[in-house]
Amino acid sequence: MRSSLVTGTLALATTLATAAQADVVDQHISVDVTQPDVTTIDLTVSFSATGTQSSLSTFTPAVPIVSAEVDGVPTTFGPHPTYPQYLTRIDFPSTLEAGDTAVIHVVMSGEASCSGSTTFCKRTADETIFTAGVPGAAWFLSDPFATDAFTGSVDVRILEGQTAVSGLGAPTVTSLGDGTESWTYAMGHPVTYVGLYVGTPDTITSQSGFDVTAYYDATVQDTPLVQQAVDVVSEVVPVYEGLYGTLPTDQARLIAVPSSFGFGAMGMLANVFVNSLVFTEQGSYLVEQGMAHELGHSWFGNLTSSDGPGGAFLGEGMAEYVGWRALGLLHGDAKRMAGMRMNAVWYMFGMPEGEDAPILSISQGAPGYVFVTYHKGALALRALEEQVGAEAFDEALAQLVTRGPGGASVAALVEDVATSSGFD
Ligand SMILES: [Zn+2]
């Protein structure tokens, strides 16, 4: 699907100079949304320096930073000198050397700025949605320069009667005795991105297959289409797990977001934020292929990913390829063939005149980007599968996943295919 998280990050990576930052080890994110107009986020981040370092930058958060400390010493923060409109820089009281570890404590408090025609967050008295860190809408420390997966937790204070969704797996819920509750989600497996939903949603839970719950508004989204999405995810995840390895969670979640959100869907491991437009008549054709594609990002985009050239191809082309691979295994080869034929049709006839480009070098702003990266990318992977055999190719992709967030590359794919197939 267009405008996924992976490509959003890459778009910025291509406009910002790439430089190694610190290695963030864990983030404990504590959010309070019990006051209608004030959002408070208390962030504790452990990291180790990867070189001589005197500051750390993040995509600017949606909620204003009111204080920052490094190892208990108050420090300064402000707009990044080179990218003031995108990034906030937290300065260290003293310079760190490679291998030094430190803890940053940041408090954000105030009104969340989530307005605009294209949004990435929502904050009203009744509903809170934060998605992955993008400039101006971040809610945890989001490295603008490179993939940096972290473990940790999300702890959300909400009003009784509300539901909070974040992190991985089931929450621990504690009543605070004052009409509010604390919902804590662990992130025991490293994640690069995490989203948050708080509200009083309608829900649909899968009756068989993988455990999937959809959170939506039955007065806005079409319930049969949401049900279809739940069914697709509950079927497709076990197929992916058989092919590419198990997920670090036994629950998947679909969260419907307003149509103003700047993406079709954003998959963060097994949590997928889905634009409301998908659950309408015009978007309904996207439900099956879109859910298969987004869950494919759990393996290609989340469990492994690449910051290098070909990163978008290894995320988007791969999600498109594995989506049809899984749907073919579930519903027969004709389903897969029809889907990949559409990839070919989009590539051949959708491409704006003269905009074709090599898969590994097209930039995200280019008019041919979607046609080349998603459609030609998926076809190239399908051709490679034909060459080496489906089983060897499945094995190679499972091997690629073990390379972890930021660990994939086109060279790694070639190496894994060579190993599993015996081809050079
Ligand atoms: Zn995608």
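A salt bridge here is a side-chain nitrogen of Lys or Arg within 4 Å of a carboxyl oxygen of Asp or Glu. Welcome to these close-ups of a predicted model, in which local features need pLDDT of at least 70, side-chain atom pairs count only at pLDDT 80 or more, and totals for chains, interfaces and linings use all residues. Residues are numbered from 1 along each chain as its sequence is written, and side-chain values use heavy atoms, with hydrogens and water left out.

**View 1. Glu415 and Arg403 form a salt bridge.**
The closest N and O atoms of Glu415 and Arg403 are 3.3 Å apart. Glu415 belongs to helix H8 (residues 410-421) and Arg403 to the loop between helix H7 (390-401) and H8, so the pair ties together parts that are twelve residues apart in sequence. Helices (H or I, at least four residues) and strands (E, at least two) are DSSP runs, numbered from the N terminus. Glu415 is partly exposed at 47% relative accessibility, and Arg403 is partly exposed too, at 30%. For these words, buried means under 20% relative accessible area, exposed means over 50%, and partly exposed lies in between (1.4 Å probe, protein chains only).

**View 2. Lys335 pairs with Glu288 in a salt bridge.**
Here the closest N and O atoms are 2.8 Å apart. Lys335 sits in helix H5 and Glu288 in helix H3, so this pair ties together parts that are 47 residues apart in sequence. Lys335 is partly exposed, with 28% relative accessibility.

Arg89 is partly exposed at 27% relative accessibility, whereas Asp91 counts as buried at 19%.

**View 3. A zinc ion is held by protein donors from His293, His297 and Glu316.**
The donor atoms are NE2 of His293, NE2 of His297 and OE of Glu316, lying 2.0 to 2.1 Å from the zinc ion. Donors are N, O and S atoms within 2.8 Å of the metal (3.2 Å for Na, K and Ca); water is not among the atoms, so sites may look incomplete. Along the chain, the donors follow the spacing H-x3-H-x18-E. His293 and His297 are separated by about one helical turn because they are four residues apart in helix H3 (residues 286-299). His293 is buried, with a relative accessible area of 1%, and His297 is buried at 1% as well.

**View 4. Thr34 lies in a loop between two strands.**
Look for Thr34 between strand E1 (23-32) and strand E2 (39-48). Thr34 is buried, with a relative accessible area of 10%. Leaving out residues up to four places away in sequence, Thr34 touches Arg157, Ile158, Leu159 and Thr180, where contact means heavy atoms within 4.5 Å.
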